[in-house]
Amino acid sequence: MGRTTVGVHHVQAALGGALRLGIDTAPLLQCAGISPLLLGDELARVPPEQFARLVRALHRATRDEFLGLGAAPSRPGTFAMMCHACVGCRDLGAALERAVRFYGLFPHGPDLALDRLAGAGPAGEAVFAVRGDLWGLAEGRFLAECVLIVWHRLASWLIGHRIPLRWARFDCPAPPYAGEYGAMFGCPVTFGAGRGFGAAAGFDARWLAAPPVRDEAALAELLRSAPAGLLSRREYGTTVAEQVRRDLARALRAGRPARLPGVAQLAARLAVSPATLRRRLAAEGTSYRRLRDQVRREAAVSSLAEGREPIAELAERLGFSEDTAFHRAFRRWTGTTPGAYRLHGQQS
């Protein structure tokens, strides 16, 4: 399945706490392989592996699982102890309620809530929420995103199935990059007009009855890279968008030049009509063209960051008929040329 690159706005937000603490961020960026020059380019993106390395470096530098962004630090190991408290629960609902109670023990921790609502299907709807303004800081949106993403992916990992979200909502105004959120959460995402940074996501309440299938050994393996690893990669691929993205990414690896499947081919593989596929993608906040561009963009950014593949060969591998078409597309995606992007990466 394709890898999702991370916008530089998230890199900037992640660095906010370290900057506030007076920590020199240049070595942290160098450790992650991210060029400081990219921070000045609003359209720049970095591979997920680099972002995960940056988050781990920030954890070490700040000695804080909130990366220095909270009103008080969350000591290293707090997340791991929460996971140990949840892994032996009878069902997912009990595990999430235990996680809410666990973080409720810390005066300056996130104000989490799990609500069960009637309606919205035979089993009703469950809502996981990050309430309040999340410490009232400018980076509140980033913190709310992180908490919601980590919760969703950890819950899915616990039961061995990706939990499809029905919707996600942020109380803050929509950021300039709001279009990315549909792919990030795999569902429609809305924003409010308020100044707070609370966030919530809704899903079918029947998932709360699912039993955890992970044991202590599996948790130990997860914790080798979590929570940073949970932020930087998707799991399970059960949404339609992720299945389409996976097939497109597989086609990119299959040959040179790439022959990406069209809507009709993808629909046939999923045993639905092209019209149904388009409707389902739209319901998840995306489209075939957007997913195709994302997969190509992510492959291009990863290749240019590695710095080994000639640009002409990269363009051919991505299925562009000529170099100029690739250059135009890359400039549309990132605001710069492939050559300039590679040069920035080599100057990190």
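Both Tyr181 and Phe185 are buried, a term that means under 20% relative accessible area, with exposed meaning over 50% and partly exposed in between (1.4 Å probe, protein chains only). These two residues lie in helix H7, four residues apart, about one turn of the helix. Residues three or four places apart in an α-helix point the same way, because the helix has 3.6 residues a turn.

The structure is a predicted model, in which local features need pLDDT of at least 70 and side-chain atom pairs count only at pLDDT 80 or more, whereas totals for chains, interfaces and linings use all residues. Residues are numbered from 1 along each chain as its sequence is written, and side-chain values use heavy atoms, leaving out hydrogens and water.

**The chain as a whole**

The secondary structure of the chain comes to 16 helices and seven strands; these are DSSP runs numbered from the N terminus (helices H or I, at least four residues; strands E, at least two). Of the 348 residues in the chain, 55% are buried. Among contacts (heavy atoms within 4.5 Å) with a separation of 6 or more, 66% join residues 24 or more positions apart.

**The nonpolar core**

A nonpolar core is a set of buried Ala, Val, Leu, Ile, Met, Phe, Trp, Tyr and Cys residues joined through side-chain atoms within 4.5 Å. The largest such core in this model holds 112 residues, of which Phe185, Phe203 and Phe326 touch the most other members. Helix H6 (residues 140-159) gives the most to this core, contributing 14 residues. Not counting residues up to four places away in sequence, Phe326 touches Ala300, Ile311, Leu314, Ala315, Leu318, Phe320, Trp333 and Pro338.

Helix H10 (residues 240-254) is mostly covered, with eleven of its 15 residues buried. Among them are Val240, Val244, Leu248 and Leu252, together with the charged residues Glu242, Arg245 and Asp247. From its first C-alpha to its last, H10 reaches 21 Å, close to the 21 Å expected at 1.5 Å a residue; the expected span is 1.5 Å times one less than the number of residues.

Helix H5 (residues 92-104) has 13 residues, which should span 18 Å at 1.5 Å a residue, and its end C-alpha atoms are 18 Å apart, so the two values agree. Asp91 caps the N-terminal end of H5, with a side-chain oxygen 3.2 Å from the backbone nitrogen of Gly93. Buried residues of H5 include Gly93, Leu96, Val100, Phe102 and Tyr103.

**Aromatic rings**

Rings of Phe, Tyr and Trp (its six-membered ring) pair if their centres lie within 6.5 Å, and planes under 30 degrees apart count as stacked, over 60 as edge-to-face and the rest as tilted. By this rule the count comes to 16 aromatic pairs. Tyr103 and Phe106 form a tilted pair, because their ring centres are 6.3 Å apart and their planes stand at 50°. Tyr103 counts as buried at 9% relative accessibility, whereas Phe106 is partly exposed, with a relative accessible area of 36%. The rings of Tyr181 and Phe185 have centres 6.4 Å apart and planes at 15°, so this pair is stacked. Ring pairs also link Phe170, Tyr177, Tyr181, Phe185 and Phe191 into a cluster.

A charge sits over a ring if NZ of Lys or CZ of Arg is within 6 Å of the ring centre and within 35 degrees of the ring normal. Two examples follow.

| Charged residue | Ring | Distance to ring centre |
|---|---|---|
| Arg206 | Trp207 | 4.6 Å |
| Arg296 | Phe320 | 4.3 Å |

**Arg342 and its surroundings**

Arg342 is placed in helix H16 (residues 338-346) and counts as buried at 11% relative accessibility. Leaving aside neighbours within four places in sequence, Arg342 is in contact with Ser303, Leu304, Gly307, Arg308, Glu309, Pro310 and Ile311. The C-alpha atoms of Arg342 and Gly307 are separated by 6.5 Å, although the two residues are 35 residues apart along the chain. A polar atom of the Arg342 side chain lies 2.7 Å from the backbone oxygen of Glu309.

**Positive phi in two loops**

Leu67, a residue other than glycine, has a positive phi near 60°. Leu67 is found in the loop between helix H3 (48-62) and helix H4 (78-86), and counts as buried at 6% relative accessibility. Ala271 likewise is not a glycine and has a positive phi of about 60°. Ala271 lies in the loop between H11 and H12 and counts as exposed at 71% relative accessibility.

Key: Polar contact = N/O pair within 3.5 Å; in protein donor to acceptor, adjacent residues only side chain to side chain.
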